[in-house]
2 protein chains.
Amino acid sequence: MEVTRQNFKETLPTIYSAIEEADFLAIDGEFSGISDGPSVSVLTNGLDTPEERYVKLKKHSMEFLLFQFGLCTFRYDQTQSKYLTKSFNFYIFPKPFSRTSPDIKFICQSSSIDFLASQGFDFNKVFRDGIPYLNQEEEAHLREQYEERRSQSNGAGTPSYISPASAKGPVNVPEEHKDFIGRVIEKVETLISGSEKTVDLAPCTGFQRKLIYQTLNWRFPKGLHVETVETEKKERFIQISKVDEEERRLREQQKQEREQEELNDAVGFSRVVHAISKSGKLVVGHNMLLDVMHTIHQFYCPLPEDLNDFKEVTMCVFPRLLDTKLMASTQPFKDLISNTSLAELERQLKEKPFKPPQVECSEGFQSYDTASEQLHEAGYDAYITGLCFVSMANYLGSFLTPPKPHISARSKLIEPFYNKLFLMRVLDIPYLNISGPDLQPKRDHVLYVTFPKEWKTSDLYQLFSAFGNIQVSWIDDTSAFVSLSQTDQVQIAMNTSRYAESYRIQTYAEYMQAKQRHTPT
Amino acid sequence: MEVTRQNFKETLPTIYSAIEEADFLAIDGEFSGISDGPSVSVLTNGLDTPEERYVKLKKHSMEFLLFQFGLCTFRYDQTQSKYLTKSFNFYIFPKPFSRTSPDIKFICQSSSIDFLASQGFDFNKVFRDGIPYLNQEEEAHLREQYEERRSQSNGAGTPSYISPASAKGPVNVPEEHKDFIGRVIEKVETLISGSEKTVDLAPCTGFQRKLIYQTLNWRFPKGLHVETVETEKKERFIQISKVDEEERRLREQQKQEREQEELNDAVGFSRVVHAISKSGKLVVGHNMLLDVMHTIHQFYCPLPEDLNDFKEVTMCVFPRLLDTKLMASTQPFKDLISNTSLAELERQLKEKPFKPPQVECSEGFQSYDTASEQLHEAGYDAYITGLCFVSMANYLGSFLTPPKPHISARSKLIEPFYNKLFLMRVLDIPYLNISGPDLQPKRDHVLYVTFPKEWKTSDLYQLFSAFGNIQVSWIDDTSAFVSLSQTDQVQIAMNTSRYAESYRIQTYAEYMQAKQRHTPT
Ligand SMILES: Nc1nc2c(ncn2[C@@H]2O[C@H](COP(=O)(O)OP(=O)(O)O)[C@@H](O)[C@H]2O)c(=O)[nH]1
Ligand SMILES: Nc1nc2c(ncn2[C@@H]2O[C@H](COP(=O)(O)OP(=O)(O)O)[C@@H](O)[C@H]2O)c(=O)[nH]1
């Protein structure tokens, strides 16, 4: 189901109940770009530590926009022995909520945009009809603003946004607005003494409206209801009505309800993420580290500096995660699956020794045909990811005695895969462990080499040709890690390099020490 | 006429001849955002110097994308006594030309995107069908790449991109590729001794292709034509053909022509800007400083640091500019025109004492109906801008004796408006003078005031209430310029502030001195 600003509010109950009844959820995001670093190979060095990788992704990826979010809910129906799915494809855009709300800037990467365009991605749906959102801080801020205004128009307490100078007297009207405010007061006096119930003032500036509110609140503390009304042309004017105390209270209440509604609209898509989070359900994704980072960054809070703090936040937002790319790269799947890209994985999991999962689209939801792929639409990718999870989970059941054809999302068999997010292109650390400390592989066969920028990979192969197979991980155009196949060769390599002029070699341990000395803590 | 990647090449001759025959050109750009600074008011302080404004715009605006470019050509037809117009609306997008071409990142500002969306802007046309472009440096770089490859496959000279280590011997093939290259040589030998004319190698990496080119060039300097071919699936493989010397030359020539074509495609929209530039025609725009900056930045070269260098570059690219917003804000128009925004200007210039210009859309071009506005489509805005220019130019003719109803774009009467670009929201410098030094108004009635961040404009009014009318230009939330109406009050204000604790006052001269002391040159 496509969800845009137009049908978001009416669809929300359907979304909530789909999450509520689900056994697990699958998600996927599409972004306006991946990396604003110098190059992807620099962003994903094969010997990054988990901390280094997190810091790089945070620095070079979070200014892109997550503008399509796929959610597919999977509910197991015991009687039919199959999963019923509900798939939602959300378009997301930070449409400014009002003239004072944050004017979000985001980066687009032309290769990513071009790729999505070639897949038929509908940018107009994003930019014209995208659902807005607020993170928790913005939501709290907006809520405060409403409460402040409310307390002021009820005459309770000194509003904090009146500046020191003007807080002293009743209302400090700048010289050039005195005439204007004088005319407003006249109009209100005419209203009060006359038979009309309501008067509309002419459109004016926000500052003038503020002066009007303050003045009327002070001069006519009772008997008036004052409200800003917007015309179709988005012009704002003030409407003043004579009211008795009961009506005044009623009007205030209605205004509050309208404001609550406005607030909900502004929080927008974040409400869906809150619901996923509150449900505590297993959330499945494919190669999902960036999806998780973007989701938290956009809908919860700016990402913390430190990896451990990020893990803590992640566990609050998504208490149980599972990455199908990591699962497929782990035994017993690793030996059976040659290519773990989503499309390939899905294809291989339909064939022996795996079984295509028993899945049916819930009524009222468009069913995806996995034969005619719609890959790279977030809702479809989430759906496929869920299918992959089901196939792999069920395969684990075949090892039980007696074998079980269906393994639930809560089964103990799946626990080893919880909260381990695939780390792309790291040679010796397969995953980021969200709920505990990370693996710390030995790297004493690794050399750190610096050289002139004319050098190519072939120069490194030549330099180390005596040491058999090597693996090169470029850092930038004048340095790289070189992994030797045998640790005992490290010392030999170090010795032969002693008198070299064009290049320099350090052990990995030396390199890390020097690096830590230069990093402020 | 809408111009996208699909019809760009076939439309180019029409565009060239429209520019060629025109009396003047009007342009307009739409951007993915305006300012990534803290706020527009900070970006456009009322007392910016031209240097300060240029530096701010360069810093805070150039990372947005100019993604729609409007060009409207105006040719005066003597026999009909009217202008014939041709309007082009170009969609622009930096689609990566190849895997090695720059992957442009650009910023989007949600308020700008939302505004364009509300005007029905078609983002899909931009991102799916936008015309690519290269600046001059990128074009030169690509040309060099082609020439390098060509000289290498002709065996002429040592190509400069072979790294030092491998340049020594004939071809240095890394160990792990030796088998692969060996098999290629076998295949070629089979080709040479057999009856087939051509052999296709399997797809391989770019590095392997480079090795193949180098090896074959060295081992078989004659009798072979080697070429990279791309499959429909974008896989690249090498095709080797037996050829005699004549055919070899013919093939090389065809290849060169194809490459020239590819190069032209990559230069893309920049070719239109080159044509505008070469024509030397008068280029008219409305509030065009940002349009000019973006055009140069995107299609010529990164903007220079220094304003004077920018002026020089601008005069090379656009030897003759005219800004209708500046013209409308200058006498004799200033007193007649109350609102110089493009839509309002166009409306007012249809009424007395102005005359609606005699303009007709050229055959084959969609005609715009100015009654049902399509404002904020670049092609339409360019058209309207041209109309405004014609009306104002002709109005100048009414002062001649005898009055002339038509004033040409080359008339002396228009010269005073040349190369003066409107400076938005600067109080005392109406324009940036592109072809000379800028105005240097006295600012000795201006005070620089710093204060606590709780202060509002009303606090400043109150502080200076003894000095009559003042004008406040906010710098940031703790400082502003305050212009007094009389210079002789400056000293009084300075004196009374001597013992103030919450705020501080400096003269403008003092402020500028302190600022220059802190700016590295
Ligand atoms: N005292 C008081 N001030 C208000 C109230 N509503 C709005 N204002 C002030 O008036 C200004 C204009 O408000 P509004 O017309 O709602 O438009 P806004 O500029 O989008 O907030 C705001 O900046 C507030 O400071 C209210 O209920 N009471
Ligand atoms: N801050 C800043 N904004 C500008 C400048 N020039 C144009 N803009 C913004 O760009 C918007 C569109 O500009 P444009 O279409 O060229 O002129 P308009 O039709 O007179 O508004 C304007 O409303 C301004 O907010 C500038 O020099 N500084």
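Residues are numbered from 1 along each chain as its sequence is written, and chains are lettered from A in the order in which they are written. In this predicted model, local features need a pLDDT of at least 70 and side-chain atom pairs count only at pLDDT 80 or more, while totals for chains, interfaces and linings use all residues; side-chain values use heavy atoms, with hydrogens and water left out.

**View 1. The interface of chain B and chain A.** In this interface, 40 residues of chain B are in contact with 40 residues of chain A, where contact means heavy atoms within 4.5 Å. The size of an interface is often given as the accessible area lost when the parts come together. Here the two chains bury about 3,400 Å² between them, 54% of it on carbon and sulfur atoms; buried area is the accessible area (1.4 Å probe) that two parts lose on being put together, summed over both. On the side of chain B, Lys105(B), Ser110(B) and Phe127(B) lose the most area to chain A, together 17% of what that side buries.

**View 2. Polar contacts and salt bridges between the chains.** Between chain B and chain A, 23 residue pairs are in polar contact, both residues being at pLDDT 80 or more. A polar contact is a pair of N or O atoms within 3.5 Å; within protein, one must be able to donate a hydrogen and the other to accept it, and residues adjacent in sequence count only if both atoms are side-chain atoms. Two salt bridges are found across this interface, a salt bridge being a side-chain nitrogen of Lys or Arg within 4 Å of a carboxyl oxygen of Asp or Glu. The side chains of Asp114(A) and Lys95(B) form a salt bridge, at 3.1 Å from N to O.

**View 3. Strand E5 of chain A beside E5(B).** Strand E5 (residues 105–109) of chain A pairs with E5(B) in the antiparallel sense over five bridges. Two strands pair if DSSP finds at least two bridges between them; helices (H or I, at least four residues) and strands (E, at least two) are DSSP runs, numbered from the N terminus. Ile107(A) has Ile107(B) as its bridge partner in E5(B).

**View 4. A salt bridge within chain A.** The side chains of Arg258(A) and Glu227(A) meet in a salt bridge of 2.3 Å, N to O. This pair links distant parts of the chain, 31 residues apart: Arg258(A) is in helix H10 (residues 245–267) and Glu227(A) in strand E7 (residues 224–230).

**View 5. Backbone features in loops.** Lys352(A) and Pro353(A) are joined by a cis peptide bond, with omega about 0 degrees. Pro353(A) is in the loop between helix H15 (342–348) and strand E11 (359–361) of chain A. Another cis peptide bond joins Thr401(B) and Pro402(B), with omega about -5 degrees, and Pro402(B) lies in the loop between helix H16 (378–397) and strand E12 (420–422) of chain B. Ser81(B), although not a glycine, has a positive phi of about 50 degrees.

**View 6. Confidence along chain A.** Chain A averages a pLDDT of 89, and 93% of the residues score at least 70; pLDDT is the predictor's confidence in each residue, from 0 to 100. Over residues 155–169 of chain A, the pLDDT is below 50.
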